[in-house]
Every structure is written in C-alpha cells, then in structure tokens.
Amino acid sequence: MKRLFPSLILFAALIASCVPVDLNAPIPAFDTGIDPNTWAQIPAGEFYFGQHEDVETTDAYEIMITDVTTAQYVNFLNAALDDGYVKLDGEQIVGFYPGDEFHGVKHEERIDAGDWLFIPLNDPAQRVKFDGGRFTIQPGYENHPMTMVTWFGAWGYCEYYDWRLPTEMEWEKAGRGIDARPFPWGDEIARENANFYSSRDPFEDMNSFGSRTSPVGFYNGKKYGDYQTLNSASPYGLYDMAGNVWQWMGDVYEGMHYRFMRGGSKDTYDMDLRLWVRNNATPTYYSPGVGFRCVRDK
Amino acid sequence: MQFIKTRFNYLFNSTKGLILVAIAMVAVVTAVWGMLSGPMAELGVRDVVIKALGMKIVQSEREGRIIILYHSIAMAIVAIETYMITGLLKIKPFFKTAINAIITVGYIVTMVFGMGFAYFGHNWAFHGLYIFGLSLVFFAGVMLCIALYPWNPEYYVTDKAYAHTKSGLDLERTAFFATAVTTVISALFGAVPGSFFGNGFEVFLAENIIRYPEKTTMEYSVIGHLHIMLALICIMITLIIGRWLNFKGGWHKAAMPLMILGTIVLNLGVWGVVTPLEPIAHMIIYVGATPSMLAALFLLIWSWGKLIREGTTGIAKPTFGQKLRALLRDPLRFGPTWQMLFMNFTTSGIGIFMAVKLDEIFRVWPAREERIELTGHWHVLSAIVATIILMYYGDMIGLKGRVRQWYGWLIIVLSDIAFGAVTVFEMKRLFITEAEQQPLVNLLMYLIDFGLGTLLVILAVVMAWRLIDLFKNKGRWTEEQTHELAQEVNQ
C-alpha cells in the first residue's frame, strides 16, 4: 500500500495531464469601452530606443490604439475574398506577397514572390470560421485581438487599407513615449496592468486551458465584475502594448527571413513585457498568442 | 576563542571544510534567488522576498543581475573543483595553501559584493570588489596551472596501471593541466567583452541574440565563453570523479589521451569563433567534443565494471540480477557516472537532435521557444554537475549505511525526475500545440518543482546537520580536518 499510494498519485497526475483542453470553453464577455478604430497621433522627434536607451528619431505617424480585433480581421477577409485579394487554398487562406531579396546568409530562407499563408482554417485554436462563402467569428471573441495570423496575414491586412505594419522603432516609441520607462504605464508591473502568464485575469484557468486573450483595451482602469484593472495605456494612449499578444513588426532585415515581434503575450512572464524585448519567428508562424496592429503615415 | 579558532581552521584550512563552506554558500544563494523566478514568481513569493530583503530591482538591469548571479555561483563551483584537485593530486604545500586561500577569498568576495551590487542598489565600491573577486579566482587559476605543471619529474608515474608516456609523463595530470590552462585562457573570452560591454553597461544574454545573422566579435566571444566554461567545468568534474574512483587500467590509458585531445580541440574551436575560422568553428567543436565524451564513456564502462566485479566477488557465475544489484548497491559511486550517462538524454542528445532537425524546429519555432531549449539544457547540465559534486561530498563526509543509500538515491531520482521533466518541457512543441499545452505544462512544473525543491530540502538538512556538528567538541568535523581526499581515493 505504501508503494501503491505514490504510484496512484503519479498515475492520476499523468492522466490529468492527458485530458484534452476545451478550446471552446465559454469566455467572459466585457465591453471595454475602447474603440479599436481609433488611431493615436505620434509626433516626429527623438525617443529612447532599446534596453540601453539609444536616442533615435522617427517621423510623425499614426498608430492603432489597440491590436486589430477578430471582428476587424473578419471584415477584411470578407472584403478581400470578394476582391480576390485573398483566396482559399485547401484549409488555409493565402494571399500574394511580393517577396524579399535573398542574400544567402547562413540560416536565411528564401521568401519568394507568391501566395503565402495568411491564416489557417483547420487549427482548433482559430477563432475565425469559414462556411465556404463567408467568414464569421466564434462568439465571444469579437473584440479580442486577431490571433492565429501569420506575418503575411498581418502584412496583408495593413496593405489592404494602404496602411503598414509598424517598424520596431515606431512601435516602441508609441509604447514608451519619450522617457525610458520599461512598461507603457511606467516602471513597475502589477497583475492588473496586463494579461501575462498566470496574471490571474478573468480569462485564464491555469488548471485547464491556461491563458487566453483579453478584449483589446481591457486594462484601462475599469472594473469588470469583481476584477479591477489598472489604467495601462501608453503615454500616447495605446492599449495592450505589453501582454495579451505579441505584435508582428514590419521590418524586413537583410540576411534573415525571421520577422520580429514585440510586447510579450498572455503566455510569457512579465520580463518579456518590457518594451524593448524582441521575439521573432518565421513569417509563416501563427499562434494563439500573436497578433498585430497597423500604422499609417500622416 | 579557541572554539571559534578550531572551527575556523576546519572551515577555511581543510579541504573538506572549504568544500562545505562553498556548498553552503551556493545553497543559500540558490534557495533565496530561486524564489525570484518561475513558479515562485507566479505564487507571489518573489514580491515577498524582494520586500523582505530590501532588494532594489530595476527592470532594465535584469540581464546584468542574472550575469552576476551566474558568475557568483560559478565561482563557488570552480572553487569546489579546485579544492578537490588540490586535495586529490600531488601539489606542493605552498601552492596548495596559496591556491585555496586565494580562490576562497576570490569567490566569497565575488559572491557577496557581486550580489550586493546587483540586487541591493548600486554601490560602486561593491562592483569594484566583485571584479577584484573574479580577478582573484583568475589568479588562483593561473597558480593552479603552475602547480599542476606535469613535466616536472617529481610527478612522473611508473605504475603501469595509469596512463603515462614512455618517459613517465602522467597523462591524467596532463589532462588536468590542459583543462586548467584552457579554463584560464577561456576566462579571458568573457573578461574582455565583459569589460567592453560593461563599460557602458550594455549587457545582454547570449540566448537573446542567437538568431541575429550578424554578430560582433565581442558578442561571439561571450557566446563562446559561456559554452566553453560550462564544458570545462564538466570535463574537470569528470577528471575529478575519475581520480576519486581511482580510474586506471586499459580504459584509463585509452581515456586520458582522448581527454587531453578533446579538451584542446574543443577549446580551439570555441576560441575560433572570434577569428576568421568562425564559419567552421562548430565543426571543430564537434570534433573536440567527441573524444572528450568518449573518455567519459570509458570512465563509465570502467567504473561500472569495477562496481559489478566488487559486488559479485565470491559468486562464480553471477546472474544479470546479481550484477545489477552489485552495480546499484552504492548510489554515491554509481551516481556520478550515471548522471553523466543521463546527461546524454537531457543535454547532449537534445543538442544533436535539435541540430539534425534544424529545419523543422529552429527555423519554425519562435525565438522564445528556442530560448527555452537553450537555457533549459545548460541549466540541466549545470545542475548535473552540482548533483555529482553532492554525491562525491556525501562520500567524503563518510555517509554510510541507510543514510548513504537514501542520500544517494534521492539525489539521483529527484534530480533525474526534474531534469527529465525539463527536457520534455523544452521539446513539448514537437508533440503539443500552444493552445493545448497547459495541463502538460502543469504536470511538468510539478515534477520539476518537486524534484528540485526536495533536493534543496535534502541539501538544507545536510547543511543543518553539518552546522550542528560544528558545535560538538568531537564532531565529525574533527576527523575531516585531518583526512585529505587523496588518502581516501577508492582503492
């Protein structure tokens, strides 16, 4: 019996770890009051860039105050499908990308002109559904950031409206303002500032599906039921610049096919939410923790 | 006064006392700073510790803090290995005293003032003392190289059981010497870029720049430094374990030249990353790593054979079961080489697998997933070295009977559960998606925390026992004061 007991506990734990996660578990619905169609004005000028606070300069531009939502992306897909801008290819949506110059650097992979994956449709974590004619949204996710989108899918969205993905400099300036703060709202981070790993927000259940995205602009100082958030807007009024989802950047660097991401996500510890932290992946990568927002020139 | 003097003499003037102090220092740092990350942070323990100890944590300085933390622990481990070397090998008394004294002051100054600077506000005098401590450890390393110089006829061997040249040059001592010399040289590959980047405090963690196609020479130097220093610590502990177990015979003769060759070639490969040889540096490293790992395998084969032979003495034709029992009867002598074998599943094997599957893994996974694999495998490798040290320490303090069995097996089983879980965690993306991973992650975290946490508790118990022992007039420490490691080499 003495030997049996620990074995049973271990067996039970193993079984528990094999239980499939319910990816369609009900998700709380909250109206954050933040309009995702709003753009912030970023003035031209100097700012502190990177962990070591290099002084850099940008021109003036406008940037979305939130990540692109699932609803916005679905509107785009329906319009773009009608226009022939995107097309169905098996169980994925693809679109044309003009390609990058190849330099033959070690580990670099070719990104040639052609159709590239925008979003997969057969992944159970995909919140966008397609009935063969129209795209719809899984209920509850309308005001959540669009995820499961590749870099090409993010690039394609911005291009469709004559916008573009932000450069790393533009993104960081929009999140940081002109001082050297590590987080959009200041120097320290609390659980109520952002959606990050095990931040105990109303959308996560670490015993089951783990972290999930929160509606864009959720951390705006409002109280949702019993959950009081802190106003975590950046100096220019942008939300979710730390946590929730990584955001694709527009930079294409010479000699590497990887695309960069900023901001950390619901799946990362707070250290990755610092504004200068970079992540990268192949441009066909998609994840429930990666989204994007766009910028436009003034 | 006499009470304090005798204890001080034991703790700072005997090999076993010095090792005890260093293990205790590492244990304290591990216990306290282990509460600042991972699940402890999730549970809110980190915030409590930071407040309770009055730490000053600045977000932009995290990477710098971690580098000082790594170095503080590493210097203590290097000191432990040095004590073992000066206790096991023939070293002139002056060198032994000088090396042990300098390295002790060095690692303690490094640890106390380094951690003081990194976590408790920036007192620049502390930073200076931290650098001073590192310099002392370096200086002790130079002295160790001089002391180990193998071409002194005084150290020549004639016993045919041990690897030596025709003239009598002790190849095992030469292997120790080669490892010590290359360690000292490789330290410079960290010191130079450390000064370069530290001048402006532009610190970075190597795992965060690994995918950048263009790296500066200084960045390559840092990457090379961290890899080779850990590899050299592993090579040195392998040599130490071999000496403790009295490695000899045909396997010894085959292993030692390989160890020398492997160490030198491995280092040449790593040093090559800052030269025009960089494009082929990895190939040279693989070439160097192979003989080193082969030599460790020879030690394993010899030591397991010896354990089986000794354990089946008197049995004419031992069965497989009897041989297995003989092999496993002493966890402290079986454990170190088992951990070396287990390392292949958690570190080397993973590295090779990743290299083979480069197109399917690193080219597809996001950088943060790659970072988990990178940091995971070298944390496991470091921890494996720590468990080997603890097993040797268990033997040198004379654990016997059931205590020896429990101590040894708990270290092996608990650490291997944790390391195995870390390895699955690193590789999880191969078989589970991000959206579905949480239950598996939870299980793995429980296993990791259970394994490492219980291991730390065992270490705490041992340290508490040793502390109580120090208050006894005729405690175990009085015997340890007079016994040198070389006298206890397994015959």
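Domain 1 of chain B and domain 2 of chain B bury about 2200 Å² between them, with 73% of that on carbon and sulfur atoms; buried area is the accessible area (1.4 Å probe) that two parts lose on being put together, summed over both. On the domain 1 side, Arg7(B), Tyr10(B) and Lys16(B) lose the most area to domain 2 of chain B, together 31% of what that side buries. This is a predicted model, in which local features need pLDDT of at least 70 and side-chain atom pairs count only at pLDDT 80 or more, while totals for chains, interfaces and linings use all residues. Residues are numbered from 1 along each chain as its sequence is written, chains are lettered from A in the order in which they are written, and side-chain values use heavy atoms, with hydrogens and water left out.

The two domains of chain B span residues 1-148 (domain 1) and 358-485 (domain 2), with bounds from an automatic or database domain assignment. Their C-alpha centres lie 19 Å apart. In contact (heavy atoms within 4.5 Å) are 25 residues of domain 1 and 23 residues of domain 2.

Between these domains there is one salt bridge, defined as a side-chain nitrogen of Lys or Arg within 4 Å of a carboxyl oxygen of Asp or Glu. Glu484(B) forms a salt bridge with Lys96(B), with 2.4 Å between the closest N and O atoms. On the side of domain 1 of chain B that touches domain 2 of chain B, 15 residues are nonpolar, six polar and four charged. In this grouping Ala, Val, Leu, Ile, Met, Phe, Trp, Tyr, Cys and Pro count as nonpolar, Asp, Glu, Lys and Arg as charged, and the others, Gly among them, as polar.

The other interface joins the two chains. Chain A brings 53 residues to the contact and chain B 38. About 3600 Å² is buried between chain A and chain B, and carbon and sulfur atoms give 48% of this area. Four salt bridges are counted between the chains. In a salt bridge between Asp272(A) and Arg371(B), the N to O distance is 2.9 Å.

On the side of chain A that touches chain B, α1 (4-18), β13 (259-262) and β14 (278-281) of chain A each supply at least two residues. Helices (H or I, at least four residues) and strands (E, at least two) are DSSP runs, numbered from the N terminus. α1(A) gives the most to this side, with five residues. The residues of this side of chain A divide into 27 nonpolar, 14 polar and twelve charged.
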